[in-house]
Amino acid sequence: MRPVSQPGYRHASSGGQIAIVGGFALLGGLVLLGLHYPILRLYEGYPLATASARRPWRWMYRPLMTRQNGRLTRARDRTTDTELTEAERFDARWRLDQYFPHDTDGLMLPTAFGNAVRAFERHSMTRWHLNSIGAWPAIEMLVSDQEAQVHSDVKADVAFFVNGSLVGLLTGLTLVADEIAHDHSPAWYLDVLLCALPFALAALAYVAAVGASVRRGGAERASIDIHSRELSDKLGLANLLDYAAERL
């Protein structure tokens, strides 16, 4: 008697296997899209900062904060380094403003990605004394179609690299768990390389996500600078002529 094949991925045709993989990929993409905001918060380091008072997380939080504060100190030192040229010090000041919330103590986050995000969130406060998080929904309504496309592109870059980093990390953890649960092959070094590859790709994607966040910040800074006066007019505020009056 001929055995009845059981349904499943291994027993599906090539076309069926492609459809199954595509379905799971689509589902994974929708899940990542729905979880975009909490994933960003995770990469910015807010959950870790919130849980830092508890001992298990404190051991992660403190070294990360030490590393980020060290990066900030080195970046500040370069802005006043007399051995550098004026152009190099100017570039150092620009990088300090792009990558760190340096205007007020206590704003640093435990991740480079979070500090890059917080840096452009602080721009409107230091430039116009305007809370960007509160004002951005109104500013976004004022941007042109060209600006909106730029914002869409840079946000897509951030989402792509953050999601790629997360997928790489989860894939690496899955491979490590699979290696622990099953017998190792004779070529153990190939297993090690296979497990290390997703983590390396996740790290590269994270570095790219920091750069993409800086580019996103540049676009949002530009829109706030361009439309802050228009926003004050639409809100019925006085037409302010100087920065002192703007702050007041």
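**View 1. The whole chain.** The protein chain has ten helices and zero strands (DSSP runs, H or I of at least four residues for helices and E of at least two for strands, numbered from the N terminus). This is a predicted model, where local features need pLDDT of at least 70, side-chain atom pairs count only at pLDDT 80 or more, and totals for chains, interfaces and linings use all residues. Residues are numbered from 1 along each chain as its sequence is written, and side-chain values use heavy atoms, with hydrogens and water left out. Of the 248 residues, 33% count as buried (under 20% relative accessible area; exposed is over 50%, partly exposed in between; 1.4 Å probe, protein chains only).

**View 2. The largest nonpolar core.** Here 24 residues come together, and those with the most contacts inside the core include Tyr 43, Phe 100 and Val 210. Such a core is a set of buried Ala, Val, Leu, Ile, Met, Phe, Trp, Tyr and Cys residues joined through side-chain atoms within 4.5 Å. Among the helices giving two or more residues are H2 (36–44) and H8 (145–181), while H6 gives the most, with five.

**View 3. Around Tyr 43.** Leaving aside residues up to four places away in sequence, Tyr 43 touches Thr 111, Phe 113, Gly 114, Val 162, Ser 165, Leu 166 and Tyr 206 (contact means heavy atoms within 4.5 Å).

**View 4. A second core.** Trp 128, Trp 136, Ile 224 and Leu 231 are among the seven residues of this separate core.

**View 5. Leu 64.** Look in helix H4 for Leu 64, which counts as partly exposed because its relative accessibility is 31%.
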